[in-house]
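Please keep the structure in view while reading.

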Amino acid sequence: MIYDKGFSVNVTSPPAIFTKDLWFSYDSNPALEDVNITIPPGDFVSIVGPNGGGKTTLLKLILGLLKPSRGRAQVFGETPEQARRRIGYMPQHSQLDPDFPATVMDVALMGRLGHGRFFGPYSKRDKEIVAKVLEQVGLRDFRKKSFAAISGGQRQRLFIARALACEPDILLLDEPTANLDVVMEGDLYELLQTLNERLTIVMVSHDLGFVSRIVKSVICVKRKVLSHPTSEITGAIINEIYGSPMRMIRHNGERDCNCQNS
Amino acid sequence: MSEFLTDLQHYVFLQNALLTGVLASVACGIIGTYVVVRRISYIADGIAHTVLGGMGAALYLNRVYHWHGVIPLYGALVAALIAAVIIGLVSLRAKQREDTAISALWAIGMAVGIIFISRTPGYNEDLMGYLFGNILMVSTSDLWMLAGLDALIVISGLLFYNQFLAVCFDQEFAGLRGLRVEVFYLLLLGLAALTVVLLSTVVGIVMVVAMLTLPIGIAALFCRSLWGMMVISTILCATFTTCGLAVSYGPDYPAGATTIILAGAAYLAAIMAKWAVSRFRG
């Protein structure tokens, strides 16, 4: 993770994500100021910060869903729009209608849109790819179940499967651990670690401590953005980000820490 | 009931009414499902009422200025498509003002219609028919029109099933996959507008609103896929219109109102049954 302004970009292999002097305002209030980040391919990054600090905004700028007021964002050296087919995106699932009449398979297949024709049914290959990713996230036996009938944890995994069905080079996950209990969270991180062997992963997370065990670097967003390798996360940094005293619990193991608002 | 069955064999108007119910059910089952899962029932209602303005204007031009080519249906179509585009763009671009825009169009459309009616000489039975309709007075050309509407809806529904599903479920994700979200959303609203207008002129606006929501509401309680919901709602819708006709025919009740009450009763019963089952199990 390179985060000071004097970085140079490797021309032969562009960074997975690169932003230069990126600003964004809702109306006239700046939500993000002067963001300069470079995420190399293969990284596993967690974006942390307080609610309303701009985590999701940063993700949406990277996706091209929002247009920066100033500066630019690049994904694999291309504009977000050009790079979209290489991005697997998982939104915050709370925004979606939990009673929607669709099966698990239906939802996962949406990841195959934009890969073939613009009308008609999905191809056999699409279905094979989706069967494979459902297997990977452990939802193979649930593929005919209704979206309304599966649990919160299964939905999170389903949305990861949908993002994987895009056959992406990078995964962008918005709060993948929201509404999960600790056991399910552990399973999820195990899955993400496996995926990180071949994919770059960027996820937004509200809890900093738990992720620091598995991610390689952390981007702290509170209007301004700071990047750290995970090993550098200290109580002082956490205080600065969240602006309130944090409790930090050391467990066995060097990088095992858990931070909560006290 | 037996009177209905005997007369059905002899009277063309009754056969037409029955066929109208079935044809309308196909359009309502498919479009109604999209409208309900995308949670835009009130958009369909808004379009349906805005249409009155267009019909009033067309009737006025027809009677007062003798523009004989301008029949109320054309006025209705123009008003509905304009309303669909305005509402669609407002809802895509400025989400927080969507309900205001719909209510405004709804009120203005109806007010315009009423002004034109008051300035139009003669008894304006067309507009009354538009509001409440009469399934027993359907002509053969109406039937062809409905068949054409069904064909259009079924073909677009089959071709773009996955695209519509994705746009209704998660518009943002669909857009990221390179889908032209706005085009599909406006196409869906356009089809809904067309359905509302054509069915309104045949069975009346109140009946359309009922048929676009009640059968789908029942199907939604039990279906886990979109196409299943479409099939079940179409079957339910056809059952209600057929029963409505049969029940109302003997005692000479208004057929549309009878159908709506039947469907409404079934909807309430289904909700209570579902509630009872979940309590019993839970």
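Predicted model: local features only at pLDDT ≥ 70, side-chain atom pairs only at ≥ 80, totals over all residues.

Apart from its neighbours within four places in sequence, Gly133(B) is in contact with Val202(B), Val203(B), Gly204(B), Met207(B) and Gly256(B). Gly133(B) itself belongs to the loop that runs between helix H6 (125–132) and helix H7 (140–159) of chain B. Is this residue buried or exposed? Gly133(B) counts as buried because it has 24 C-beta neighbours inside 10 Å, and the cut-off for a buried residue is 20 or more. A separation of 73 residues in sequence lies between Gly133(B) and Val206(B), yet in space their C-alpha atoms are 8.3 Å apart.

Helix H2 (residues 12–37) of chain B and H7(B) have axes 9 Å apart and meet at an angle of about 25°. This angle makes H2(B) roughly parallel to H7(B), since angles under 35 degrees are classed in that way. The crossing in which H2(B) passes H7(B) is left-handed. On the side of H2(B), the residues in the contact include Leu19(B), Leu23(B), Ala27(B) and Ile30(B). On the side of H7(B), they include Leu146(B), Asp150(B), Ile153(B) and Gly157(B). Sorted by class, the contact of H2(B) with H7(B) holds 13 nonpolar, three polar and one charged residues.

With helix H5 (residues 98–119) of chain B, H3(B) forms an angle of about 25°, and the axes are 7 Å apart. H3(B) is therefore roughly parallel to H5(B). H3(B) passes H5(B) in a left-handed crossing, and the contact of the two helices has 15 nonpolar, seven polar and one charged residues.

The packing of H3(B) with helix H11 (residues 205–222) of chain B has an angle of about 165°, and here the axes lie 10 Å apart. The crossing of H3(B) and H11(B) is right-handed. In this contact Ser41(B), Ala44(B), Asp45(B) and Ala48(B) of H3(B) meet Ile205(B), Val208(B), Val209(B), Leu212(B) and Thr213(B) of H11(B). The residues of the contact divide into six nonpolar, two polar and one charged.

The view may now be widened to the nonpolar core. The largest such core has 157 residues, and within it Ala108(A) and Ile47(B) touch the most other members. Helix H10 (residues 181–203) of chain B supplies the largest share of this core, with 14 residues. Leaving aside neighbours within four places in sequence, Ala108(A) is in contact with Val130(A), Val133(A), Leu134(A), Leu158(A), Ala161(A), Arg162(A) and Ala165(A).

Chain A, to which Ala108(A) belongs, has eight helices and twelve strands. Of its 262 residues, 41% are buried. Among the contacts in chain A between residues at least 6 apart in sequence, 65% join residues at least 24 apart.

Finally, the two chains touch each other. The contact takes 21 residues from chain A and 21 residues from chain B. On the side of chain A that touches chain B, 14 residues are nonpolar, four are polar and three are charged.

Definitions and conventions. Residues numbered from 1 in each chain as written. Chains lettered and ligands numbered in written order. Helix = DSSP H or I, 4+ residues; strand = E, 2+ residues; numbered from the N terminus. Buried ≥ 20, exposed ≤ 12 C-beta atoms within 10 Å, placed from the backbone. Contact = placed C-beta atoms within 7 Å. Core = buried A, V, L, I, M, F, W, Y, C linked by C-beta atoms within 7 Å. Axes fitted to C-alpha atoms, helices over the stretch in contact; angles between N-to-C directions. Parallel < 35°, antiparallel > 145°, perpendicular 65-115°, else oblique. Left-handed = near helix turned anticlockwise from the far one by under 90°. Nonpolar A, V, L, I, M, F, W, Y, C, P; charged D, E, K, R; others polar.
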